[in-house]
Amino acid sequence: WLKHLAPRPRSVERPRPCSSGRIRVAMADKLKSLPFINDKNNPIGWFVQGGIEFAKDSQRLVQRCTKPDAKEFKKIAVACSIGFAIMGFIGYTVKLVFIPINNIIVGGS
């Protein structure tokens, strides 16, 4: 009954139908056949090459990112809370100072 769960041996002459490596190679061949796409001085090439560089940088970023552990998460949460408190205090102080100044300028009638 476990026979259907076991991996099937692959034959050497039968390639895998959806290999991302094969797709990348095929795409690279198509891009090489269009020289204006590889030229960054051409507006289309600038746009395409910029998109490719962005995709590579994004992939590298996602691969390097790690989920924070509990200690690191707590440290980040405390830092954000302190920042919110400081900004709130500054906003409250500014509002408190400018209410009387605004009344003096406008004139209390």
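**Figure 1. Helix α4 bends at Phe98.** In this predicted model, α4 bends by about 25 degrees at Phe98. The bend is the angle between axes fitted to the seven residues ending at a residue and the seven starting there. A proline, Pro100, follows within four residues. Gly107 comes after α4 and has a positive phi, near 95 degrees.

**Figure 2. The span of α4 agrees with its residue count.** Helix α4 covers residues 70–106. Its 37 residues should span 54 Å at 1.5 Å a residue, and its end C-alpha atoms are 53 Å apart. The expected span is 1.5 Å times one less than the number of residues. Helices are DSSP runs of H or I with at least four residues, strands are E runs of at least two, and both are numbered from the N terminus.

**Figure 3. A nonpolar patch lies on the surface.** Its members include Val78, Ile82, Met87, Phe89, Phe98 and Val106. Together the patch residues have about 1,200 Å² of accessible area (Shrake-Rupley method, 1.4 Å probe; for residues, only the protein chains shown count as cover). Patch residues have over 30% relative accessible area and no salt bridge; nonpolar side chains (Val, Leu, Ile, Met, Phe, Trp, Tyr) are joined within 5 Å, like charges within 9 Å. Val106 sits in α4. Val106 is exposed, at 63% relative accessible area. Exposed means over 50%, buried under 20%, and partly exposed in between (1.4 Å probe, protein chains only).

**Figure 4. Arg60 and Asp57 form a salt bridge.** Side chains of opposite charge can pair when their charged atoms come close. Here the N to O distance is 3.1 Å. A salt bridge needs a side-chain nitrogen of Lys or Arg within 4 Å of a carboxyl oxygen of Asp or Glu. The whole structure has 1 salt bridge. Both residues lie in helix α3 (residues 43–64), 3 residues apart, about one turn of the helix. Arg60 is partly exposed at 49%, and Asp57 is partly exposed at 41%.

**Figure 5. Cys65 and Cys80 are both partly exposed.** Relative accessibility is 48% for Cys65 and 44% for Cys80. The whole structure holds 0 disulfides (pairs of cysteine sulfur atoms within 2.5 Å).

**Figure 6. The protein chain has 4 helices and 0 strands.** The elements run α-α-α-α from the N terminus. Of its 109 residues, 4% count as buried. The chain exposes about 10,700 Å², and carbon and sulfur atoms supply 67% of that area.

**Notes.** Residues are numbered from 1 along each chain as its sequence is written, and side-chain values use heavy atoms, leaving out hydrogens and water. In this predicted model, local features need pLDDT of at least 70 and side-chain atom pairs count only at pLDDT 80 or more, while totals for chains, interfaces and linings use all residues.
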